[in-house]
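Let's take a walk through a protein model together.

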Amino acid sequence: MQSNDIFALGLGLTAPWKLVEQQLDTTKSPHRLDLRIAADRGSLYPCPECGKSCKAHDFKEMTWRHLNFFQHHCYITAPVPRTNCPEHGIKRIVVPWASEVSHFTLLFEQVAMTMLREMPVAVAARHMEVTDKRLWRVVFHYVGKAMARLDLRNLKALALDETKSRRRHKYVTIFIDLDRRERPVVFATPGKGRDTLQRFTQFLQEHGGNPDNVLEVVSDMSGAFISSIKTHFKNSELTVDWFHVVQLFTKAVEEVRRAEAKEIAMPKTTRWVVLKNADGDLTNRQFDALVELAALDFHTATAWRVKEALRWIRKAPTEQGAKWRLSNFLNYARELIGQEPILAPVRKAINTVEKHRQAIVARWRSDHSNARLEGLNSLFQAAKARARGYRKDLSFITIIYLIGAPIQDLLVST
Ligand SMILES: [Zn+2]
């Protein structure tokens, strides 16, 4: 094998193209390896429209960044012709090694996208010794194209949830297909509430789906979502995931604990204990704190007992049983907290659950497990870490798609 062949590897060189020159410049730091590709004089090139072999009209010298060759930055330069087709006129051809979107070679982009499945953009950029801004452009392009190909004809059940975006006080709403076991994310959009549903409905229709075929929508208990779900998915049953009920009470307990800690000294481990479940893995110290908390009659302990009673509902074997347990829970919880002002967050959670009791209980009828919803949170965290350094919603959403959407065929060039 000649050295020319080694350099040409992975370039996708096909006739009439060949490697004609190579030059290593060691005066630059890092060293720069330049490869020159050209075709013989008088060669014919395919018209980009019809593929007919045509004469070159003129040439333009173009340069692409290729994969590093050992530690040397590698560049490829070639005179790229415009063909003069009798039918389509004068057009610039696309050379086989070149990306249409960046000044990288295709192989460079492929390696970049493979790395980006595993690591943050900033880290991949450092490895490949390019700016992360240029790499982001590649990511946006491939993920955007793959998402455009997404087929949503079979979407019948979906869940939506919002998460804080990288910008302060801003949210991103994510839609997942409950029938997909792996990579369930089908859409993500900035904001939370009504207009996100509007945008998703449009996206769904553009991808072959029909909102009338959606039979179940799982949501949290935020008013904005709930009021417009019926408008957009008129055949759907709205259900609230149990996970959101638990989350609501966990937050309420934490609010009570914080308020109470300002007034009175509490056992140090309380913070961790109230966030845990009683039958979880408590350490001895945590267990002692819990006992102390209950014995001293802290309000935090009362709030915690309300939250713990939720498990009894969750264990109901049937929808009917769940309905009955939920009613009992609401009475029990109200009695337990009484009129105590510091327990207001728990009272609010109780009222929210009462308002949505029907949607909560409907979950017992659903075939869809909530495991995927609970898994979303770790997806959000991973996407945030990967997109770090970039505050734009588009970056965050693109990474959510990259790791959570069914787009494995990312490098298909269409
Ligand atoms: Zn043509």
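Is the crossing of α4 and α15 left-handed or right-handed? It is left-handed. Keep in mind as you look that this is a predicted model.

Let's stay with that pair for a moment. Helix α4 covers residues 132–148 and helix α15 covers residues 393–404; their axes come within 10 Å and cross at roughly 55 degrees. That angle makes α4 oblique to α15. If you want to find the spot where they touch, look on α4 for Trp136, Val139, Phe140, Val143 and Met147, and on α15 for Leu394, Ser395, Thr398, Tyr401 and Leu402. Sort the residues of this contact by type and you get 8 nonpolar, 2 polar and no charged.

Now turn to another partner of α4, namely α2. Here the axes are 10 Å apart, at an angle of about 85 degrees. Angles from 65 to 115 degrees count as roughly perpendicular, so that is the word for how α2 sits against α4. On the α2 side, Glu109, Ala112, Met113 and Leu116 do the touching, and they meet Leu135, Val138, Val139 and Tyr142 of α4. This contact has 7 nonpolar residues, no polar ones and 1 charged.

Helix α2 (residues 106–116) also packs against helix α3 (residues 121–128), with an angle of about 140 degrees and axes 9 Å apart. That makes α2 oblique to α3. The crossing of α2 and α3 is right-handed. Ala112, Met115 and Leu116 of α2 make the contact with Val121, Ala124, His127 and Met128 of α3. By type, the residues of this contact are 6 nonpolar, 1 polar and no charged.

Let's zoom in on Glu109, which lies in helix α2. Is Glu109 buried or exposed? Count the other C-beta atoms within 10 Å and you find 22; a residue with 20 or more counts as buried, so Glu109 is buried. Setting aside its neighbours within four places in sequence, Glu109 is in contact with Ser99, Ser102, Phe104 and Val138. From Glu109 to Arg126 it is 17 residues along the sequence and 14 Å through space, C-alpha to C-alpha.

Next, step back to the domains. The protein is divided into domain 1 (3–146) and domain 2 (242–364), and their C-alpha centres lie 60 Å apart. Over in helix α7 (residues 242–263) you'll find Thr250. Thr250 is partly exposed, with 18 other C-beta atoms within 10 Å. Thr250 and Ala303 are 53 residues apart in sequence, yet 9.1 Å apart in space, C-alpha to C-alpha.

Most residues other than glycine have a negative phi, and most peptide bonds are trans. A cis bond joins Ala15 and Pro16, with omega about 5 degrees, and Pro16 lies in the loop between α1 and β1. Another cis bond joins Ser29 and Pro30, with omega about -5 degrees; Pro30 lies in the loop between β1 and β2.

As for phi, Glu129 has a positive value of about 55 degrees although it is not a glycine. You'll find Glu129 in the loop between α3 and α4, where it is exposed, with 11 other C-beta atoms within 10 Å. Arg183 also has a positive phi, near 45 degrees. Arg183 is in the loop between β9 and β10, and is partly exposed, with 16 other C-beta atoms within 10 Å.

Note on methods: Residues are numbered from 1 along each chain as its sequence is written. This is a predicted model: local features need pLDDT of at least 70, side-chain atom pairs count only at pLDDT 80 or more; totals for chains, interfaces and linings use all residues. Axes are lines fitted to C-alpha atoms, for helices over the stretch in contact, and angles run from 0 to 180 degrees between N-to-C directions. Helices (H or I, at least four residues) and strands (E, at least two) are DSSP runs, numbered from the N terminus. Angles under 35 degrees count as roughly parallel, over 145 as roughly antiparallel, 65 to 115 as roughly perpendicular and the rest as oblique. A crossing is left-handed if the near helix is turned anticlockwise from the far one by less than a right angle, and right-handed if clockwise. Two residues are in contact if their C-beta atoms, placed from the backbone, lie within 7 Å. Ala, Val, Leu, Ile, Met, Phe, Trp, Tyr, Cys and Pro count as nonpolar, Asp, Glu, Lys and Arg as charged, and the others, Gly among them, as polar. Domain bounds come from an automatic or database domain assignment. A residue is buried if 20 or more other C-beta atoms lie within 10 Å of its own, exposed if 12 or fewer, and partly exposed in between; C-beta atoms are placed from the backbone.
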